[in-house]
Amino acid sequence: MSAAPTTAISRDPATGQVIAEHPFASAAELESILQRGQAGFAAWSGHTLEQRADVLRAMAAVLRRDREPLAALATAEMGKVQAEALAEIEKCAVLCDWYADHGAPFLRDEPTQVPGDQAYVSYLPLGVVLGIMPWNFPYWQV
């Protein structure tokens, strides 16, 4: 029985060439990462919806600005066709812009049918969430 790997290796699927190696986090490093994520969540919670929308707009701008190297990375790491990678990156940028412009109503409290407005539905943030995602849409996931 072989030991568990300590490093994630990214290879070009066409050539097998190693693109990058990333060591797995230790339990202590993982705990630190989660704590930083929770601290970021707390800070983010203090931002207004307009400030959050500005971050989404900035993210869309970065995706568009860096589309060529991002597409090249997706092509090298997973063999995604460059045209598809570019389209995925633009799709992500469009979604960032859309939520910046239209996202706030999704977060508004909603009334219920309880008499006298004594109850409502409120959408509260969860904090850090782990997502295990398929590999074939690396930018769309996030």
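Guide: Let's start with Ser-10, which sits in strand β1, residues 7-11; helices (H or I, at least four residues) and strands (E, at least two) are DSSP runs, numbered from the N terminus. Keep in mind that this is a predicted model, where local features need pLDDT of at least 70, side-chain atom pairs count only at pLDDT 80 or more, and totals for chains, interfaces and linings use all residues. Residues are numbered from 1 along each chain as its sequence is written, and side-chain values use heavy atoms, with hydrogens and water left out.

Visitor: Why is Ser-10 called buried?

Guide: Buried means under 20% relative accessible area, exposed over 50%, and partly exposed in between (1.4 Å probe, protein chains only). Ser-10 has 13%, so it counts as buried.

Visitor: Which residues does Ser-10 touch?

Guide: Contact means heavy atoms within 4.5 Å. Not counting residues up to four places away in sequence, Ser-10 touches Gln-17, Val-18, Ile-19, Ala-20 and Glu-77.

Visitor: What makes β1 and β2 a pair?

Guide: Two strands pair if DSSP finds at least two bridges between them. β1 and β2 (residues 18-23) have five, in the antiparallel sense, so they qualify as a pair. On the β2 side, Pro-23 is the bridge partner of Thr-7, and His-22 is that of Ala-8. Their hairpin has six residues between the strands, and Gly-16 there takes a positive phi near 80 degrees.

Visitor: How confident is the predictor in the chain?

Guide: pLDDT is the predictor's confidence in each residue, from 0 to 100. The protein chain averages 91, and 99% of the residues score at least 70. Confidence is lowest in β1, at a mean of 90, and highest in α2, at 97.

Visitor: On to the helices. How do you know that the reach of α4 is close to what is expected?

Guide: The expected span of a helix is 1.5 Å times one less than its number of residues. Helix α4 (residues 82-102) has 21 residues, which gives an expected 30 Å, and from first C-alpha to last it reaches 30 Å. α2, with 17 residues, does likewise: it reaches 24 Å, close to the 24 Å expected.

Visitor: What puts the buried residues of α4 on the same side?

Guide: The buried ones are Ala-85, Glu-88, Ile-89, Cys-92, Ala-93, Cys-96 and Ala-100. They cover an arc of only 135 degrees around the axis, so they lie on the same side of α4. That arc is taken from the directions from the helix axis to the C-beta atoms. In general, an α-helix has 3.6 residues a turn, so residues three or four places apart point the same way. The face of α4 turned away from its buried side carries exposed Ala-83 and Asp-101.

Visitor: What do the buried residues of α4 pack against?

Guide: They pack against α2 (49-65) and α3 (67-78). In α2, the residues Ala-53, Ala-60 and Leu-63 are buried. Those cover an arc of only 75 degrees around the axis, which puts them on the same side of α2. What covers them includes α3 and α4.

Visitor: What makes a set of residues a nonpolar core?

Guide: The set has to be buried Ala, Val, Leu, Ile, Met, Phe, Trp, Tyr and Cys residues joined through side-chain atoms within 4.5 Å. The largest one here has ten residues: Ala-60, Leu-63, Ala-71, Ala-74, Ala-85, Ile-89, Cys-92, Ala-93, Cys-96 and Tyr-139. Cys-92 touches Leu-63, Tyr-139 and Trp-140, leaving out residues up to four places away in sequence.

Visitor: Is Lys-80 buried or exposed?

Guide: Lys-80 comes in at 9%, so it is buried. Lys-80 is in the loop between α3 and α4, and its contacts beyond four places in sequence include Ala-74, Asn-136 and Phe-137.

Visitor: And why is Asp-117 called exposed?

Guide: Asp-117 has a relative accessible area of 67%, over the cut-off, so the label is exposed. Asp-117 lies in the loop between β3 (110-111) and β4. Its phi is near 50 degrees, a positive value in a residue other than glycine.
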